[in-house]
Amino acid sequence: MSAALPRALRQSHDIRVLIPGYRRVLAGHRVTTVGRLGNAFGLPACDIGRIDMPDGLIIYALLCPDLYDREGSPYGDGSGVDWSDNDVRFARLAMAAADLACGWGDLGWRPDLLHVNDWPTALAPAYLAWREQAVPSILTIHNLAYQGLFERERLSLLGIPESAFQIDGVEFYGKLSFLKAGTFYASHVTTVSSTYAREITTPEFGCGLDGLLRTRAEQGQLTGILNGIDESWDPCRDSHLAGHFDAADLSGKRMNTAYVRDAFSLGVSRGPLFAIISRLVHQKGIDLAIEAAEAIVSQGGQLAVIGQGEGQFEAAVQELAARHPRAIGVQIGFDEREARRLYAGSDFLLMPSRFEPCGLSQMYAQRFGSLPVAHKTGGLADTIQDGVTGFLFSELPLAGLMDGVTRAFESFGCKRQLTSMRRAAMSRSYGWQRSALRYSNAYSKLLAHRSNQPLREAA
């Protein structure tokens, strides 16, 4: 989203992106130092680097090697253990965003509005509020389950006033919650699908923040705006694919199927090819998919898996492949080319997620003529038309997923139905333009409210 949405908005807004200066980011681009922010509380000083992308998008990178120049992921080391100073690392990022909104850093540019995403930047609206700055802000929640929880003792180090450690502030069951801070202090909260916006106001999906989110919704300050996918997801011209195709001529799809079977050491088969392209974690319902795999194989189907995640699930899918070496193939890790070819070559995509705020895999799959078999939740419910572009099931236990798998097999056995559904799925549009317009309208409303000027709605 932080790559695609700014590009979709650039025609009408001067959008600039602030990210940490991770080692891999800086190694791949020319970076010019254009500003500096001093230390504050327990947060170190840092430089601001500018990266000018080939398409004109401006990226500001927060240059602080002690915090960001590390091997591993953005959040932890190579073994998957979170960095012990993640509160400092992301409080520094959030404070930098607030600093720029205050006109600090000597950039010669100052934003009218901040749009922050998830817990790593969620303290930015709070820093603005504590400084009594009237810069409006939007927090987008991509996944409420990740909240950025830290100990109360870290307040002063992070520049958080003791008075903010209360229910109407940053306190969450005795801990400091970055995400709650953003949810409480941001001018407006969005999330990534309409269904998920409703779900997170309930105890089942609210992760302990449902009361606050219900209040924001009742105030008209919680909105669901579906994510999009970029234009590269086009089976007619995607350079990653083994063969190109469209809804009228699917011969190229069969070339990708042949490639996948070879790449995953699967046997020649007349049965359907199912795919899992996912983080291998409990949220994604991988345990349910593993149980369903035996039934898929027994009915003549095959399964190809690309993903990484929790060790127990990585081991479980590898064990499945060992038991069924010509019917189940697994690649631990992620490779974009292989993933795109699997979307293009598969007949069905398994997505039994326990919850799914938006989900992109089901959009990618439909564009490439792979019909998703998915739990009716969050963005999956908003982007899959049951029986038309995929198969939705409401009951989460294995019986619900197996009902969807059975319907998939039935459609595979009826060539007319399968072709009709593929064509319907491939005709769906998931571009960013509609979502960008909704965000643009949200920005305009917040800015108009600040200036008390009447606002004319965009068409």
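User: What is the secondary-structure content over residues 2–214, and how far apart are the end C-alpha atoms?
Analyst: In this predicted model, residues 2–214 are 31% helix and 21% strand, with 26 Å between the end C-alpha atoms. The unreviewed UniProt entry annotates residues 2–214 as "domain: Starch synthase catalytic".

User: Why is Asp 210 called buried?
Analyst: The relative accessible area of Asp 210 is 12%. Buried means under 20%, so Asp 210 is classed as buried.

User: Which residues does Asp 210 touch, leaving aside those up to four places away in sequence, and in which helix does Asp 210 lie?
Analyst: Asp 210 touches Ile 200, Thr 201, Thr 202 and Pro 203; contact here means heavy atoms within 4.5 Å. Asp 210 belongs to helix H10, which covers residues 210–218.

User: How many helices and strands does the chain have, and what makes the chain as compact as a globular protein of that length?
Analyst: There are 19 helices and 17 strands in the chain. The radius of gyration is 23 Å, and the globule rule gives 23 Å for 459 residues; the two values are close, so the chain is as compact as a globular protein of that length. Along the principal axes, the C-alpha atoms fill a box of roughly 65 × 50 × 45 Å.

User: What share of the residues in the chain is buried?
Analyst: Of the 459 residues, 54% are buried.

User: How many positive and negative side chains does the chain have?
Analyst: The chain has 46 positive and 49 negative side chains, and the centres of the two sets are 6 Å apart.

Conventions
Residues numbered from 1 in each chain as written. Predicted model: local features only at pLDDT ≥ 70, side-chain atom pairs only at ≥ 80, totals over all residues. Heavy atoms only, no water. Helix = DSSP H or I, 4+ residues; strand = E, 2+ residues; numbered from the N terminus. Buried < 20%, exposed > 50% of the residue type's maximum accessible area, 1.4 Å probe, protein only. UniProt positions renumbered as here; feature names shortened; annotations may be inferred. Rg over C-alpha atoms; globule rule 2.2 N^0.38 Å. Lys, Arg positive; Asp, Glu negative; His and termini not counted. Charge placed at Lys NZ, Arg CZ, Asp CG, Glu CD.
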